[in-house]
Amino acid sequence: MAPGGRSVACCAAVLLAAALLLSAPTATEAYDSLDPNGNITIKWDIMQWTPDGYVAVVTMFNYQQFRHIGAPGWQLGWTWAKKEVIWSMVGAQTTEQGDCSKFKGNTPHCCKKDPTLVDLLPGTPYNMQIANCCKAGVINTFNQDPANAASSFQISVGLAGTTNKTVKVPKNFTLKTPGPGYTCGRAIVGRPTKFFTSDGRRATQALMTWNVTCTYSQFLAQKTPSCCVSLSSFYNDTIVNCPTCSCGCQNPTGSNCVNEDSPNLQSAIDGPGKWTGQPLVQCTSHMCPIRIHWHVKLNYKEYWRVKITITNFNFRMNYTQWNLVVQHPNFDNITQLFSFNYKPLTPYGGGISK
């Protein structure tokens with residue numbers, strides 16, 4: 001779904017409902033009420049010891065039902081427990097090297113106490129890749145695309161412990177996608193991961209494994225709504241637009257939005273918020289990145305049909321892997337759909353769909 005007011009439309013036929021419910025999810029810190037069991041799990045497997053540390057494979061799994069990590073991708077950070085450095089990486093890189101001036105000869109890939117890592121891009125040379133890497137940080141959900149629901153990289157850590165008893169797990173994990181929204185717990189050492197050969201006849205295992213769980217909260221991601229809803233019907237020419245200032249209001253100078261025909265559009269897109277996930281919205285009365293239009297096409301005693309149109313007003317996001325989550329009392333009685341895939345979400349029972 002391209003930005004700049006371009007739309008996609010879809011239709012659904014459902015049994016007649018007594019009322020239309022369009023409710024926003026209740027959000028609390030590190031909790032998603034529409035996906036209470038969803039999370040991003042980060043698994044850290046030490047595969048071999050080195051003279052001053054270890055080599056590990058780190059894998060992120062997206063166990064959420066509908067929330068992808070889209071472009072420009074994930075940013076993973078932590079704080080080292082001791083004075084560790086990163087000698088080398090495969091499948092990812094740190095955003096900064098830090099101060100490595102004390103090293104003579106071989107220079108580490110990163111000497112920062114709190115490194116931030118990003119995925120490599122597609123087309124990275126094969127000698128810099130491992131399995132499940134190099135997707136520009138995009139991770140789809142296991143629920144919808146299990147083949148692309150993981151992202152991995154290999155990291156060689158120095159000035160660290162060289163046994164299970166002397167290794168210290170990192171702390172203060174952070175996950176940005178690329179903006180805020182996720183809260184990560186502490187690393188928990190668990191049973192070493194087992195790896196089976198392709199014929200299933202032999203299993204090897206990691207020398208040490210720990211896991212970190214990160215959960216999402218819409219409230220942490222942004223204080224204002226991410227979309228608004230407008231309504232219309234076949235029997236009335238009136239369109240009920242999104243309420244004014246649904247997602248915020250224009251500044252008096254209009255500095256917090258940009259028009260599609262503005263000569264400064266591209267420079268605004270490439271501005272400071274490009275890599276932080278900050279939306280750059282088109283100037284509208286509602287100021288929302290996304291508008292959802294609900295149009296009642298038919299309304300009979302036995303059933304009714306609606307057309308849903310989703311319009312993107314965020315110039316910085318293409319939403320190629322979009323999902324629409326709608327809560328409605330009759331959505332467990334859908335009889336026919338056009339142009340899109342549908343699956344019910346049942347965290348507490350029926351009535352929530354995507």
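**Close-up 1. Two salt bridges are found in the structure.** A salt bridge here is a side-chain nitrogen of Lys or Arg within 4 Å of a carboxyl oxygen of Asp or Glu. The model is predicted: local features need pLDDT of at least 70, side-chain atom pairs count only at pLDDT 80 or more, and totals for chains, interfaces and linings use all residues. Residues are numbered from 1 along each chain as its sequence is written, and side-chain values use heavy atoms, with hydrogens and water left out.

**Close-up 2. Lys43 and Asp45 form a salt bridge through their side chains.** The N to O distance is 2.5 Å. Lys43 is buried, at 14% relative accessible area. Asp45 is buried too, at 2%. (Buried means under 20% relative accessible area, exposed over 50%, partly exposed in between, with a 1.4 Å probe and protein chains only.)

**Close-up 3. Lys112 and Asp114 form a salt bridge through their side chains.** Here N to O is 3.8 Å. Lys112 is partly exposed, with a relative accessible area of 23%. Asp114 is also partly exposed, at 41%.

**Close-up 4. Aromatic pairs number 16 in the structure.** One of them joins Tyr182 and Tyr216 edge-to-face, at 5.1 Å centre to centre and 65° between the planes. This pair links distant parts of the chain: Tyr182 lies in strand β12 (residues 182-184) and Tyr216 in strand β16 (residues 208-216), 34 residues apart. Tyr182 is buried at 9% relative accessible area. Tyr216 is buried at 10%. Rings of Phe, Tyr and Trp (its six-membered ring) pair if their centres lie within 6.5 Å; planes under 30 degrees apart are stacked, over 60 edge-to-face, and the rest tilted. Strands (E, at least two residues) and helices (H or I, at least four) are DSSP runs, numbered from the N terminus.

**Close-up 5. Ring pairs build a cluster.** Its members are Trp44, Tyr54, Trp78, Trp80, Phe173 and Trp210.

**Close-up 6. Cys133 and Cys134 are joined by a disulfide.** The S to S distance is 2.3 Å. The torsion about the S-S bond is about -70°, so this disulfide is left-handed. Cys133 and Cys134 are both buried. A search of the whole structure finds seven disulfides, each a pair of cysteine sulfur atoms within 2.5 Å.

**Close-up 7. Cys228 and Cys242 are joined by a disulfide.** S to S is 2.1 Å. The S-S torsion is about 85°, so the disulfide is right-handed. The pair links distant parts of the chain, 14 residues apart: Cys228 sits in strand β17 (residues 227-233), Cys242 in the loop between β18 (236-240) and α2 (265-269). Both cysteines are buried.

**Close-up 8. Cys247 and Cys288 are joined by a disulfide.** S to S is 1.9 Å. With a torsion of about 85° about the S-S bond, the disulfide is right-handed. It links distant parts of the chain, 41 residues apart: Cys247 is in the loop between β18 and α2, Cys288 in the loop between α2 and β19 (290-299). Cys247 is buried, at 10% relative accessible area. Cys288 is buried, at 0%.

**Close-up 9. The sulfur of Cys110 is too far from the closest cysteine sulfur for a bond.** That closest sulfur belongs to Cys111 and is 6.5 Å away. Cys110 is buried, at 1% relative accessibility. Cys227 is in no disulfide, and its nearest cysteine sulfur, that of Cys247, is 6.9 Å away. Cys227 is partly exposed, at 31%.
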